[in-house]
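This report describes the fold and the helix packing of one protein. Please look at the sequence and the structure before reading on.

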Amino acid sequence: MSPSTKVQIYNQTYSLQGDLDQAYLQELVAYVDAKMRAIANMTATVDTQKVAVLAALAIADELNSLRKERGDREELLKEQAERCLTLVERALKQTE
């Protein structure tokens, strides 16, 4: 079992256990903490649970947007690859 790591997010201490690299874990912790602080500052909400839910929604929105962008790029690359294949096939037929 991996050792427990104590982290602080939005003035709360958590003991986390897992196989994540410590530097990466600290990046995640810092990101969530910053997101929660930004949400709290924008909304003037003092309820930690509400801040956490709003931060989770903001992070989920970011993730969903990135997934959509990735899907759009993959679709574009697929279309371009198909066009290239068509051009190559035509060129090969012309050389026969």
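## Overall make-up

The model is predicted. The protein contains two helices and two strands, and along the sequence these elements follow the pattern β-β-α-α.

## Dimensions and burial

The radius of gyration of the protein is 23 Å, well over the 12 Å that the globule rule gives for 96 residues, so the protein is more spread out than a compact globule. Taken along the principal axes, the box filled by the C-alpha atoms is roughly 70 × 40 × 15 Å.

Of the 96 residues in the protein, 16% are buried. Contacts between residues at least 6 apart in sequence include 25% that join residues at least 24 apart.

## Packing of the two helices

Two packed helices are described by the angle between their axes and the distance between the axes. Helix α1 spans residues 22-43 and helix α2 spans residues 48-95. They pack at an angle of about 115 degrees, and their axes are 9 Å apart. Angles of 65 to 115 degrees count as roughly perpendicular, and α1 and α2 are therefore roughly perpendicular to each other. Their crossing is right-handed.

On the α1 side, the contact is made by Tyr31, Val32, Lys35, Met36, Ile39, Ala40 and Thr43. Helix α2 contributes Thr48, Val51, Ala52, Leu54, Ala55, Ala58, Ile59 and Glu62. By type, the residues of this contact divide into eleven nonpolar, two polar and two charged.

How values were computed: Residues numbered from 1 in each chain as written. Predicted model: local features only at pLDDT ≥ 70, side-chain atom pairs only at ≥ 80, totals over all residues. Heavy atoms only, no water. Axes fitted to C-alpha atoms, helices over the stretch in contact; angles between N-to-C directions. Helix = DSSP H or I, 4+ residues; strand = E, 2+ residues; numbered from the N terminus. Parallel < 35°, antiparallel > 145°, perpendicular 65-115°, else oblique. Left-handed = near helix turned anticlockwise from the far one by under 90°. Contact = heavy atoms within 4.5 Å. Nonpolar A, V, L, I, M, F, W, Y, C, P; charged D, E, K, R; others polar. Rg over C-alpha atoms; globule rule 2.2 N^0.38 Å. Buried < 20%, exposed > 50% of the residue type's maximum accessible area, 1.4 Å probe, protein only.
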